[in-house]
Amino acid sequence: MILALETSCDDTCAAVVTADGDVRANVISSQGIHDAFGGVVPEVASRHHLELVNVVVDDALRTAEVTWDDIGLIAVTQGPGLVGALLVGVATAKGLAAARTLPLAGIDHLQGHVAANFLRDGGPPLEPPFLCLIASGGHTFLARVDDHTSFTVLGQTLDDAAGEAFDKGARLLGLPFPGGPHLERLARAGDPAAFAFPTADGVKDLDFSFAGLKTALLYKVRDLGDDEAAARRADLAASFQHAVVEQLARRTARALERTGLERLAIGGGVAANGPLRERMASLVPAVHVPARALCTDNAAMIASAARFVEPVPYPHYLGLEAYATGEHAL
Ligand code: KG4
Ligand code: ZN
């Protein structure tokens, strides 16, 4: 069994996964504290990870109904992410592994998102090759996945991540953080064709850009004036969402065409978006979307990636360091 830790941002996560990809426990403790600030405060996140990490590990072992004797490997997110937050996970993982002379695997967070597709998740895992779109609050990229241990980035955002765009758009419409789910709910009562927001078609190739969209919404709200903007909030939300979804879908369609890949997986928090799922379903016969708890930041995906790498034996990982930006840093 693999015990994995993930502390790259504001969620303190621990999971227990079997060597063949069954998720026995996937514990996620979200630090709601950041919502009051309208975003994640790195120093606050690190302190909370420190308070929560041991509790979350114990909870994962208890939920999985296993003891330390059942654990043969510890995995941890090494980066990219908030370095202070990552350090809590890395130091904890080293300590837990060293105390039991277990091997350790340092895992790339983005490889983890890709590896969420390799878990048995009520159905069979997705086998490479496939195209993978990851869209979350921190990253947005399209990757070609040819094997279980690596991926090739085909396109990435040049500015904001798609989730960040949803959060900023939601804030302009007076919705609470994180705004994606609130904006989706508000948009249900609106007309996606009410306003024509930009889809960044001029951006090169398979890259994304959401900064112009956010500015377009800002100007539209300003032009309408307070009363009219308030009266048309649902239309604004629906049109904004439509623009994000269209941009993601058009780039994905282009990537499918260019690579000749026939299978598509989507992940990251934005994959929870209903209209995005519907639009993606129009591109391929079946879109692979892991369960919501495996799409957002979680430790089961880190354990999944660890199944395919050569772990470092004790004590050679004691110098292992967290990295804020990595090989695949986007
Ligand atoms: O992967 P995730 O849980 O965390 C990090 O990025 O760290 O993604 C969170 C992001 C937020 O920006 C949130 O607004 C967005 O995913 N999100 C959504 C929806 N649910 C979450 N965006 C659009 N529609 C949703 N239903
Ligand atoms: Zn993530």
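**A200**

I started at A200, which sits in the loop between α5 (180-187) and α6 (211-231). Helices here are DSSP runs (H or I) of at least four residues, strands are E runs of at least two, and both are numbered from the N terminus. A200 isn't a glycine, yet I found a positive phi of about 55°. I reminded myself that most residues other than glycine have a negative phi, and most peptide bonds are trans. A200 is buried, with a relative accessible area of 18%. My cut-offs: buried is under 20% relative accessible area, exposed is over 50%, and partly exposed is in between, with a 1.4 Å probe and protein chains only.

**Ground rules**

This is a predicted model, so I noted that local features need pLDDT of at least 70, side-chain atom pairs count only at pLDDT 80 or more, and totals for chains, interfaces and linings use all residues. Residues are numbered from 1 along each chain as its sequence is written, chains are lettered from A and ligands numbered from 1 in the order in which they are written, and side-chain values use heavy atoms, with hydrogens and water left out.

**T101**

T101 also has a positive phi, near 45°, and is not a glycine. I found T101 in the loop between α2 (83-99) and β5 (104-108). Is T101 buried or exposed? It's exposed, with a relative accessible area of 52%.

**Cis bonds**

Next I looked up the peptide bonds. The one from P128 to P129 is cis, with omega near 5°, and P129 belongs to the loop between α3 and β6. The bond from Y314 to P315 is cis too, with omega near 0°. P315 is in the segment after α10 (300-306).

**Helix α6**

I then went along α6. Its 21 residues have end C-alpha atoms only 25 Å apart, whereas a straight helix would reach 30 Å at 1.5 Å a residue; that expected span is 1.5 Å times one less than the number of residues. There's a kink of about 120° centred on G225. The bend at a residue is the angle between axes fitted to the seven residues ending there and the seven starting there. Which residues of α6 are buried? They are L213, L217, V221 and A229, and they pack against α4 (162-172) and α7 (233-259). Contact means heavy atoms within 4.5 Å.

**C13**

C13 is in strand β2 (residues 11-17) and is buried, at 2% relative accessible area. Leaving aside neighbours within four places in sequence, I listed the contacts of C13, among them V27, V56, D297 and A299. C13 and A299 are 286 residues apart in sequence but 5.3 Å apart in space, C-alpha to C-alpha.

**Zinc**

What are the protein donors of the zinc ion (ligand 2)? I got H109 (NE2), H113 (NE2), H139 (NE2) and D297 (OD), 2.1 to 2.6 Å from the ion. Donors are N, O and S atoms within 2.8 Å of the metal (3.2 Å for Na, K and Ca), and water is not among the atoms, so sites may look incomplete. The spacing of the donor residues in sequence is H-x3-H-x25-H-x157-D. H113 in helix α3 (residues 109-115) and H139 in the loop between β6 (130-135) and β7 (140-145) link distant parts of the chain, 26 residues apart. Both H113 and H139 are buried.

**β7 and β8**

Last stop: β7 and β8 (residues 152-156) run antiparallel, joined by four bridges. Strands pair if DSSP finds at least two bridges between them. A hairpin of six residues connects β7 to β8, and R144 stands opposite T152 in β8.
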